[in-house]
Amino acid sequence: MLIINQFIASYNYFIIIFLMIAGLYIVVARGNMIKKLIGLSVFQTSVYLLYISPGKIIGGTAPIINDSYTLYSNPLPHVLILTAIVVGIATLALGLSLTIRINEEFHTIEEDEIFNKEDL
Amino acid sequence: MQFEHLPATQILIPLIGAILILVSRKNIVIWATASLLTLLTFINSILLYKQVSVDGVISYAMGGWEPPIGIEYRIDSVNSILIVLVSFMALLVAVYARKSVEVEIVAEKRPVFYAMYLLCLTGLLGILATGDAFNAFVFLEISSLATYVMIAMGKDKRSLIASYQYLIMGTIGATFYVIGIGLIFIMTGSLNLNDISEQINSMNTIRPILASLAFITVGISLKLALFPLHSWLPNAYAYAPSVATAFLASTATKVAVYLLIRYFFDVYGYNIVFEDYWLSMLLIILSIAAMIGASLVAIFQNNIKKMFAYSSIAQMGYITLGIAIANHSGLVGSLVHIINHALIKGTIFMAIGCFVMKLNSTTIEDFSGIGKKMPLTMTAFTIASLSLIGIPGTVGFISKWYIITGAIEKGWWWLVISIALSSLLALIYVGRIIEIAWFQESKTKENTVTLSREMIGVTLIASITTLYFGLNTELTVDLAKIAADSLLPGILR
């Protein structure tokens, strides 16, 4: 019972770890460049959850000074993750545009086919 | 003279410059602007260094928000030298860039290239200056994204693949770093490096902190191309434009090493990182693998840029080895080698940029007889190469000397053998190029492109700097000693 209780109490971390490993696995196991980028996105998203989920306090409100509220959630993780989301979007956009250019030059986005053709 | 906002202007000059530079399309104007901006950055870094050496550590509250709540820029004896180093290399490469960029990059992309160059510089200086863990991640990504774009602008179409590979690896590295920061943040509720360090030392539950140490070490190791995580580096260096390669090889990996040193010695502290020997041993094994393995691979390369890219991986091995030895001499050796290797690799890749422009080839066989055609550039190249091997009288000798001293102080004699072996391997691959370039007759037809005077001039200046610091060792070594004193706990000084 204890194990099950612990699992339920921290189930958010299990979801995060699952997403993290799934994302990283897609990056490593797939040769298709778009799929790799999708994996990378899943991997990055898991980190957003890692920051956001401990920042939530049950019953806590937004940090606005008001006499009727005493319990606040920390706003910092949300701000950090807004920044990280921007970074993630920039990375994904650059990765996708690189893939378009690669497709124009090599006529394929499968890594194996490119490595067979080119001496890298 | 006292300037209050020097830490902020250090980052803001290249950041604002990166936007300003997009206004003009004329090559000469954008080049002059970029050179001027890097010159201003360099002057700023010297003033900052002067201020630190007089007043001690500068703590600058960005936007007036006091640390640990606000973002703190913290300049001390360690990062003030590295800020000067990175600004200096950026200045040299920016002045060098004009003709090389004209030849290698199509006209409409040139302003963007210079803008990315300045953004990359912004990111690197930001990582060095900031005292905030998450801010360092943002700057890491600014510099990395700018780097991916610069690499993708290479003439060879394989540069796109190199850039894509680096993007995947670099993002995984940065994400690992953020996971580490996230774990620290959950445990301490702080992002200020100083504050974190104080809280970690008074903490009972150590396990999540150790997990964060593992994540941060792996993440930064990807960025600095530690041995098994180096696969992105050779292609990135080989197919990027010459200017980008010269800049990246001399600064990007060094800044990542700085971050590693900062976390190992300042944030976590000597006691947590090196208390059990496992991390130290792991780093030593990987460093030796890099020093010997990468040097062996370099011997068999036919592409000169790739050869020196592998040599860079080997040289990073020396730096991480000095960190792993973790005593005063070892750390001094590492810090001096960061400076020396930046100068050496900067010179080598700038010289290679000159050769490649003249020969239009990166194959080593085509370099035959180049010494007679381009004696000045080849002399600069030869001086830097000898430094790379570590001939006494050059800078490379001093840093290796300190790392060896550190190993002997610990009683690890077998390390001395592996350093000597790695130097011998360096002698083989450098010797091969020097032999071909000076002593063989020319077989290749050269281009009609004429090199600009500033290209050769800057390459020579860089090589003279390596000679100067080789003969006048006091400056770099003394600075590194002061920095090492501030990093190590009392008993180890």
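**Close-up views of a two-chain model**

**View 1. Strand pairing in chain B.** B:Ser59 has B:Arg74, in strand 2 of chain B, as its bridge partner. This is a predicted model, in which local features need pLDDT of at least 70, side-chain atom pairs count only at pLDDT 80 or more, and totals for chains, interfaces and linings use all residues. Residues are numbered from 1 along each chain as its sequence is written, while chains are lettered from A and ligands numbered from 1 in the order in which they are written. Strand 1 (residues 58-61) of chain B and strand 2 run antiparallel and are joined by 4 bridges. Strands are DSSP runs of E with at least two residues, helices are runs of H or I with at least four, and both are numbered from the N terminus; two strands pair if DSSP finds at least two bridges between them.

**View 2. The two faces of strand 2 of chain B.** In a regular strand the side chains alternate between the two faces of the sheet. From strand 2 (residues 72-75), B:Glu72 and B:Arg74 point one way, and B:Tyr73 and B:Ile75 point the other way. All of these residues are buried (20 or more other C-beta atoms within 10 Å of the residue's own, with C-beta atoms placed from the backbone).

**View 3. Helix 6 against helix 8 in chain B.** The axes of helix 6 (residues 158-188) and helix 8 (residues 207-224) of chain B come within 7 Å and cross at roughly 160°. Helix 6 of chain B is therefore roughly antiparallel to helix 8 of chain B (angles over 145 degrees, on a range from 0 to 180 degrees between N-to-C directions, with axes fitted to C-alpha atoms over the stretch in contact). The crossing is left-handed (the near helix is turned anticlockwise from the far one by less than a right angle). By class, this contact has 17 nonpolar, 5 polar and 1 charged residues. Ala, Val, Leu, Ile, Met, Phe, Trp, Tyr, Cys and Pro count as nonpolar, Asp, Glu, Lys and Arg as charged, and the others, Gly among them, as polar.

**View 4. The surroundings of B:Ser329.** B:Ser329 lies in helix 13 (residues 328-359) of chain B. B:Ser329 is buried because 21 other C-beta atoms lie within 10 Å. Leaving out residues up to four places away in sequence, B:Ser329 touches B:Tyr402, B:Thr405, B:Gly406 and B:Glu409 (contact means C-beta atoms, placed from the backbone, within 7 Å). The C-alpha atoms of B:Ser329 and B:Gly406 are separated by 4.6 Å, although the two residues are 77 residues apart along the chain.

Notes
Angles under 35 degrees count as roughly parallel, over 145 as roughly antiparallel, 65 to 115 as roughly perpendicular and the rest as oblique. A residue is buried if 20 or more other C-beta atoms lie within 10 Å of its own, exposed if 12 or fewer, and partly exposed in between; C-beta atoms are placed from the backbone. Two residues are in contact if their C-beta atoms, placed from the backbone, lie within 7 Å.
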